[in-house]
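User: I would like to go through this model step by step, beginning with the chain as a whole and then turning to single residues. Please give the cut-offs for each term as you go.

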Amino acid sequence: MDKNELRNYRALAAEVRQLQDHLQTLEQSLSCPNRQRFTRTPSGVNDGDKTTEALVEAHQDLVRLYQKKLLQLDRELRRIEDAIGQVKDPQERLLLRYRYIEGHDWNKVAQEMHYSYTQTLRIHGLALQHLPQSKVNPFGWDKDYSGLTE
């Protein structure tokens, strides 16, 4: 886990809220009674039924897509929460939560923790060092190529 991954927390949480709003809107539109639409050309009853079925199916596909995305986002949020939870020092955990989960600026973090600005930054540096390191290679490489030279 690194600082950039921690910074993503608030954007991920905002995306979750946005998708939840979209889901709610879709579910409401599915439960509303079908409104009759008038066109200039007459159509048979079967055509209207097929159109309605296609719309309902498209809505349901979108709902499933949003639910799948929400599950992925929840997993990522949980991974960040778990990483912060593994930091042993409670002050370091608190600082990480103020900064990355709640989104406070450094002055607000220092004020909340009753530390100086400089002391807060020092604790932050320690907290980053104590975060568990990801076991997944971020580049997806199977082997360690760090020893290669040009």
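User: What share of the contacts in the chain with a separation of 6 or more comes from residues 24 or more positions apart?

Analyst: This is a predicted model, in which local features need pLDDT of at least 70 and side-chain atom pairs count only at pLDDT 80 or more, while totals for chains, interfaces and linings use all residues. Residues are numbered from 1 along each chain as its sequence is written, and side-chain values use heavy atoms, with hydrogens and water left out. Contact means heavy atoms within 4.5 Å, and among contacts in the chain with a separation of 6 or more, the share from residues 24 or more positions apart is 71%.

User: How many helices and strands does the chain have?

Analyst: Helices (H or I, at least four residues) and strands (E, at least two) are DSSP runs, numbered from the N terminus. The elements run α-α-α-α-α from the N terminus on, and the count is five helices and zero strands.

User: At what angle do the axes of helix 3 and helix 5 cross?

Analyst: Axes are lines fitted to C-alpha atoms, for helices over the stretch in contact, and angles run from 0 to 180 degrees between N-to-C directions. The axes of helix 3 and helix 5 come within 9 Å and cross at roughly 100°. Angles of 65 to 115 degrees count as roughly perpendicular, under 35 as roughly parallel, over 145 as roughly antiparallel and the rest as oblique, so helix 3 is roughly perpendicular to helix 5, with a crossing angle of roughly 100°.

User: Is H124 buried or exposed?

Analyst: H124 has its place in helix 5, which spans residues 117-130, and, not counting residues up to four places away in sequence, H124 touches K3, L95, L96, Y100 and W106. Buried means under 20% relative accessible area, exposed over 50% and partly exposed in between, with a 1.4 Å probe and protein chains only. Because its relative accessible area is 7%, H124 is buried.

User: Which residue caps the N-terminal end of helix 3?

Analyst: Helix 3 covers residues 90-101, and its buried residues include L95, L96 and Y100. At the N-terminal end of helix 3, a side-chain oxygen lies 2.9 Å from the backbone nitrogen of Q91, and the capping residue is D89.

User: What is the phi of H114 near?

Analyst: H114 is found in the loop between helix 4 (106-113) and helix 5, and H114 counts as exposed because its relative accessibility is 71%. Most residues other than glycine have a negative phi. H114, a residue other than glycine, has a positive phi near 60°.

Methods: A polar contact is a pair of N or O atoms within 3.5 Å; within protein, one must be able to donate a hydrogen and the other to accept it, and residues adjacent in sequence count only if both atoms are side-chain atoms.
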